[in-house]
Every structure is written in C-alpha cells, then in structure tokens.
Amino acid sequence: MADVLVIRQFRPFTEVALISLATAACYYAAGRLGLLGSLVVGGAVATPIWPPTGIAVAALLLFGTRVWPGIALGSFLVIASLTTPGPTTVVNVVSNTVAPLCSLLLLRRAGFRHDMARLRDGLALVFLGGFGAMLISATAGVGLQVATGSLDRDEFWSVWLAWWVGDTMGVLLVTPLLLALAEPSVRFPARRWKEAVLLGLTALVLVPVAVLSPMSLLFLVFPLLVWAALRFQFVGGVLCALFASVFATFGADADKGAFFGLSEVEIMIKLQTFNGAAALTALLLASIITEQRATRRSVRRACEELVEVLEHLAAGEPSPGPPAGSPPGPTGSRMAPPGDQRGP
C-alpha cells in the first residue's frame with residue numbers, strides 16, 4: 001500500500017515537471033525566433049512581436065499556475081543566450097514570470113473562457129491579459145536598464161513603448177491561436193479545406209505585395225483578415241494576422257517597401273500600429289463571429305427540444321424531462337400532463 005501511495009504522489013510531480021520542461025523549451029525556441037526580427041530603438045534592441053509571452057499565458061491558461069517554473073526557466077535560458085547572467089537577470093526573469101501570472105489572474109477574475117465564444121473573452125484578453133498585464137514586464141525591464149545606466153533616461157519612453165507593445169503582441173497573436181488549436185471542437189468540414197488552401201495562397205501573394213510595395217499598401221491586408229476571421233474564426237484570423245505581422249517585421253528590419261527611408265522611431269511606430277491593428281481586427285472579429293455562431297447553435301438546440309416536447313404532447317405522451325442542468329419546476333419535480341394520471 002505504501003508503494004502505491006508513493007507512485008500516486010510521484011505521477012503528478014512527474015507530469016508537472018514534464019509540462020514545465022516543455023513550456024521552457026517552447027518559451028526558449030519562441031524567444032530565439034522572436035529575436036530574429038528585432039529592431040533597434042533608442043540604442044536598445046526591441047522585438048515588435050515577442051512570442052514567449054503568448055506561450056506563457058497560453059500555458060498558464062491551459063495547465064494552471066503549476067507551470068510557472070517552466071516560464072522562469074525559459075526566460076532565464078533566453079537571457080543567458082544573449083548575455084552573461086548577473087544580478088539583473090533575476091529581475092528580468094521575475095518580471096517575465098510575474099507578468100503572465102498577473103495576466104492569468106486578471107483573466108480568471110473576468111471569467112475568461114478558453115473557447116473564447118464570447119466577445120467579452122476577446123476584450124478581456126486584449127485589455128487585461130495583453131495591455132494591462134504586460135505593463136509589468138515592460139516597466140521592470142526598461143526601468144532596470146535605466147537604473148543600471150545602460151539606457152539614457154531620455155530614451156525611456158520610446159524603448160518602454162516598444163517593449164510593452166512587443167509583449168502585448170505576443171499575447172494577442174500567439175495565445176488565442178494556441179487556445180484555439182487546443183480545443184478539440186476545432187474541426188472544419190472537408191469542403192472548407194479548398195477555401196482554406198485558397199486563403200493561404202492569397203495570403204502568400206497579397207501580404208508580400210502589401211509589405212514590399214514602395215507605395216505603402218499595408219491596408220490591403222485587412223480584407224484578407226476579415227475573410228479569414230469570418231470563415232475560420234480564431235485559427236484563420238489570428239494565423240493570417242501573425243503571418244502578416246511577422247512579414248511586416250522582417251520588411252521593417254530590412255528597410256524595404258512601406259518602411260523604406262524612415263527613421264528608427266518612425267519604423268517602430270508604423271510597424272507597431274500595423275501589428276496592433278491587424279491583431280485587434282482578427283481577434284475581435286473572430287470573437288464576434290464565434291459568439292454569434294454559439295448563440296445560433298443554442299437557439300437551434302432549444303427549438304429542436306421544443307419541437308420534441310410538442311410532438312409528445314400531440315401524441316398524448318408525457319413530455320421528456322428537461323435537459324440536464326436545467327432548473328426544476330416549482331415543486332422540484334416534473335408534473336404529468338393532463339390525462340396522464342399515474343399512481344404513486
């Protein structure tokens with residue numbers, strides 16, 4: 001019996017350790033990918049999109065607060081790959097871990113649901129999980145650079161804004177995509193795959209033209225985002241927004257197309273505005289469509305149950321009981337219809 005208890009206690013610990021290690025590995029890999037599109041703002045390196053924050057928030061929403069060591073380990077590995085760890089590393093690791101935890105707490109307080117089937121879920125993710133919680137990591141990270149003298153005070157706000165928007169974009173673009181892919185109900189009929197292929201091919205052609213064109217045609221991306229969000233909700237809309245933002249980031253890094261001839265600050269402002277508008281368009285529109293479809297399914301289900309009850313009443317049979325989870329009648333039990341008198 002003692003051996004059985006030890007095994008039962010060991011299994012949860014092993015599961016948490018494996019999930020934490022997987023989170024740390026994904027965090028580190030996403031961090032290395034995010035650094036490929038880094039830009040220089042005010043003498044400091046900033047990433048317009050920081051995917052690790054999205055991975056951290058998604059991991060916390062899916063697995064709970066028990067995976068926070070994986071987030072801390074992943075953050076430490078990313079920092080260690082850039083510079084020699086020191087006392088300032090502790091502050092950065094703590095802020096990078098606390099910000100997603102605060103995002104989780106704010107979303108839980110707002111009643112956030114993983115399926116994001118309501119508009120309020122999309123708004124909560126944007127303003128609480130993204131804009132609100134990521135103030136912590138941006139303020140701590142940039143404030144530490146100013147305190148240590150590696151960044152001038154005059155450059156605080158420009159670097160802070162780039163850091164904050166980069167962390168927020170990671171939450172807005174990566175978190176909803178991972179949550180949508182984790183939902184087992186995300187399935188598309190076979191006939192929709194042809195449309196999905198057409199959408200993908202259109203994105204592969206339209207996004208490079210919009211970004212690399214010297215006439216600054218970034219607005220051409222938004223009809224594509226509307227199409228993707230209307231037809232494929234979060235998976236399509238957020239995936240298209242992520243592709244457009246990543247391609248725009250590399251276009252800005254190469255100083256080409258819509259970003260040619262601009263200063264560092266102008267490039268960052270234009271890029272962050274485009275990324276933010278693309279993310280908000282895809283996320284909020286997908287939330288609205290998902291909520292409307294859920295409401296339609298609920299109404300259809302209620303109509304089917306009503307038709308079934310009417311059919312039983314017309315045939316003189318007792319109506320079926322209320323659906324599971326519905327409140328009981330005034331007496332706590334279902335009353336038999338007239339003419340159906342039964343003994344106790």
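Predicted model: local features only at pLDDT ≥ 70, side-chain atom pairs only at ≥ 80, totals over all residues.
Trainee: Which residues form the nonpolar patch on the surface?

Mentor: Leu18 belongs to that patch, along with Leu21, Tyr28, Leu73, Phe76 and Leu77. Together they have about 520 Å² of accessible area.

Trainee: Which helices each supply at least two residues of the nonpolar patch?

Mentor: Those are α1, residues 2-35, and α3, residues 68-80.

Trainee: Now salt bridges. What's the general idea?

Mentor: Side chains of opposite charge can pair when their charged atoms come close. In this model, a search of the whole structure finds 4 salt bridges.

Trainee: Where do Arg66 and Glu15 sit in the chain?

Mentor: First, the contact: the side chains of Arg66 and Glu15 meet in a salt bridge, at 3.9 Å from N to O. This pair links distant parts of the chain, with Arg66 in the loop between α2 and α3 and Glu15 in helix α1, 51 residues apart. Arg66 has a relative accessible area of 36%, so it is partly exposed. Glu15, at 41%, is partly exposed too.

Trainee: How about Asp115 and Arg113? Which contact do their side chains make?

Mentor: They meet in a salt bridge, with 3.6 Å from N to O. Asp115 has 34% relative accessibility, so it counts as partly exposed. Arg113 counts as partly exposed as well, at 37%.

Trainee: And Asp121 and Arg118, are they buried or exposed?

Mentor: Both Asp121 and Arg118 are buried. Their side chains also meet in a salt bridge, at 2.8 Å from N to O.

Trainee: Next, helix packing. At what angle do α2 and α7 pack?

Mentor: When you look at a helix pair, check the angle and the distance between the axes. Helix α2 (residues 51-63) and helix α7 (residues 156-182) pack at about 45 degrees, and their axes are 6 Å apart. That angle makes α2 oblique to α7. As for handedness, α2 passes α7 in a right-handed crossing.

Trainee: What about α5 and α7? At what angle do they cross?

Mentor: Helix α5 covers residues 119-132, and its axis crosses the axis of α7 at roughly 140 degrees, coming within 8 Å. Angles over 145 degrees would count as roughly antiparallel. The two helices α5 and α7 are therefore oblique to each other. Their crossing is right-handed.

Trainee: I'd like to follow the chain in space as well. How far apart are Thr47 and Gly166?

Mentor: You can count that along the sequence or through space. Thr47 and Gly166 are 119 residues apart in sequence, and their C-alpha atoms are 5.7 Å apart in space. Thr47 lies in the loop between β2 (44-46) and α2. With 13% relative accessibility, Thr47 counts as buried.

Trainee: One last topic, backbone angles. Which phi does Gln233 have?

Mentor: Gln233 has a positive phi, about 50 degrees, although it is not a glycine. Its place is in helix α9, residues 221-253. Gln233 has a relative accessible area of 13%, so it is buried.

Trainee: And where is Asp255 found?

Mentor: Asp255 is in the loop between α9 and α10 (264-314). Asp255 is not a glycine, yet it has a positive phi of about 55 degrees. With a relative accessible area of 30%, Asp255 is partly exposed.

Conventions: Residues numbered from 1 in each chain as written. Heavy atoms only, no water. Patch = residues over 30% accessible without salt bridge, like charges linked within 9 Å, V, L, I, M, F, W, Y side chains within 5 Å. Areas by Shrake-Rupley, 256 points an atom, 1.4 Å probe, with all protein chains shown as cover. Helix = DSSP H or I, 4+ residues; strand = E, 2+ residues; numbered from the N terminus. Axes fitted to C-alpha atoms, helices over the stretch in contact; angles between N-to-C directions. Parallel < 35°, antiparallel > 145°, perpendicular 65-115°, else oblique. Left-handed = near helix turned anticlockwise from the far one by under 90°. Buried < 20%, exposed > 50% of the residue type's maximum accessible area, 1.4 Å probe, protein only.
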